[in-house]
Amino acid sequence: MESLTAPPARAPLLIGENLGLRYGLHGSSYGGSHGGSRGGSAAQVIDAVVGVSLTLAEGEILAIVGANGCGKSSLLRVLACLETAPRASGRVEYREIRTSSRSVAHRLAAVRALVPQRPEATAALTARQVVRLGRFSVGPDESAVDRALGDVGLLARAELPVNTLSGGERQRIAIARAFAQLDRGGVGGGVLLLDEPFSGIDPGEVARIVTALRMRARAGAVVLTSHDPGLARAIATHAMVMKEGRAIAFGAAGEVLSAKLLSEAYRSPMREVGDWIVPDLTASQSTERGRMRS
Amino acid sequence: MRTRGFIVLGVAIVVCALMRSAIGPVSVDGAIKLALSMPAGEILAFRLQSVLSAAMLGAALGLSGLALQSLLRNPLASPFVLGVSSGAGFGVAAVLAGAYLFALPAVTFGGEVGGAIAGALITLAIVAWLGRARVSDGGDHGSGASDPTALVLSGVIVGAIFSAATMLLEQLVPHGLRGDLLSWMAGRLPEIPARSALATVCVSVAVGWIALASQAGALDVASLSDDEARSSGVDLGALRRKLFLVGGILAAVAVAYAGPIGFIGLIGPHIARKLVGSRHGALVPASALAGAALLVSADAVRQWIDLGTGRLPVGVVTALAGGPAFLWLLRSGRWNR
């Protein structure tokens, strides 16, 4: 990323340096330096993330925004260390948490938790059982499970099978599982990574999820991807705008999430309406008309 | 739910075992009249050995099915669907045919098991390679996860190829051995199991059971999405390698012992899920018990059906009963609930 680092106010919980992710269209992996595709029909590669750097401190909520396919989810996977060399490149560093576990997977589980875009609605498990799975590598702790369920407002529905809950409730259960994973005896902490947590969720559920995330961010940090720049600006302290795998802006949410930058990211005019940033349909129509005339 | 489920399974096994002990080609009280002039106690001992043999084989198939379903994250997977049984069958046939063609000494059960394990694991490796996730198809980016649909389709085709190859081998051996092979390929429980063979099955079941039970927590987490499981600290690669070995070896031992017996590995874990839920701490023993109950009952049923031409191979009974039951499960969508 080109000189777009926001100076952190507090000690960083997460540092990502020159992050990259490259994969082959036919499932092959490619290492080596970045910068374009290799030749040959079988060697078609995609640079999903190119040279992104960021830091994240305690109490911060970072929103990553950009058009479909710009690399938001890929960046989240790189940050979660779910992608490794040779596909992934760069350095991801979490503030070290003391743990007796020697397994890298277990140590990572104590410092970061990922909630994917469509959490699996596991049949025949209750909400409580799903949340309990978050404690797999950090040790059983029923009070952490209760706290997590309480934080997302679903303690009363904890004994229901998760596949009978609504989409929004399932999303909250997945978030609660991540909360339980990062819970250290009542203290939050760690970095919560959420891929599109608000997609397909009604406004009431969005508000409940935002409340839970804000509460959690007090003791840790949150990274989320979003398609809604207005919502991102409303809840995030920091933001990153991505385009074609690169970060074109990173900084305080209020500054970065501007109509101008987002118009560039979405390749479509955007305008600000109060606190919200929405597609500028009038401008889009006139641009389209102009194109047709010419 | 769990306790009630285990009580149901326990009662089912006892009832099936009693049924099987009471039915046989030679009735206990009439045994002395027949050529087999054996005391009733010995006949009963033989039958109990048959019950143990069927129960252990059923448990092996139930555990193998559960391991493969977890490996593929696909409730329709089984040793049959993945072609593992056919691959193991080819391994056994290759060992038998090879021994005949090269005039080697008689093949022991250990040799058959070796051939079956090689065939099963090679098949699984081929099928896993063919069914690996492709990023361009929306596969999981680099997690090593498999694409269930591609994997199952590959399994069906590879299984068909190995079945054809086994038939080809049959043509190379003399009539007597060919008849044995054909009978074995229909899935036939040995009437009087060799002790070493039965012991091999028992040890395999015990090892497979412990291996799966020790991974119960990781298997629960792995039932979430791959990313969630890995984010929670599960080493999915290591877990899948264990499932690969346990599923493949148990299926191979079962095939070497009794030929390919279908549907137990598929239906056993489904019945277990209905009875004890989806958590693997209970699901592992319940799948073994359900598989055991199913195969003992199928063995009892085949003893009861007397067509005057000898008893049916147990594989025929499991296919005739298990096939429609599975189709009903599939059609009603209950397998996914």
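Which strands of chain A does helix 9 (residues 259–266) lie across? In this predicted model, local features need pLDDT of at least 70 and side-chain atom pairs count only at pLDDT 80 or more, while totals for chains, interfaces and linings use all residues. Residues are numbered from 1 along each chain as its sequence is written, chains are lettered from A in the order in which they are written, and side-chain values use heavy atoms, with hydrogens and water left out.

Helix 9 of chain A lies across strand 3, strand 7, strand 8 and strand 9 of chain A, and runs at about 35° to strand 8; helices (H or I, at least four residues) and strands (E, at least two) are DSSP runs numbered from the N terminus, and angles, from 0 to 180 degrees, are taken between N-to-C directions of lines fitted to C-alpha atoms, for helices over the stretch in contact. An open sheet in chain A has 6 strands in the order 5-6-7-3-8-9, with mixed pairing, where two strands pair if DSSP finds at least two bridges between them. Its edge strands are strand 5 (112–115) and strand 9 (246–252) of chain A. Strand 3 (residues 61–66) and strand 8 (residues 238–243) of chain A pair in the parallel sense over 5 bridges, and A:Leu62 stands opposite A:His238 in strand 8 of chain A.

A:Leu257 is one of the residues with the most contacts inside the largest nonpolar core, which has 135 residues; such a core is a set of buried (under 20% relative accessible area, 1.4 Å probe, protein chains only) Ala, Val, Leu, Ile, Met, Phe, Trp, Tyr and Cys residues joined through side-chain atoms within 4.5 Å. Helix 10 (residues 236–258) of chain B gives the most to this core, with 14 residues.

Terms used
Buried means under 20% relative accessible area, exposed over 50%, partly exposed in between (1.4 Å probe, protein chains only). Contact means heavy atoms within 4.5 Å.
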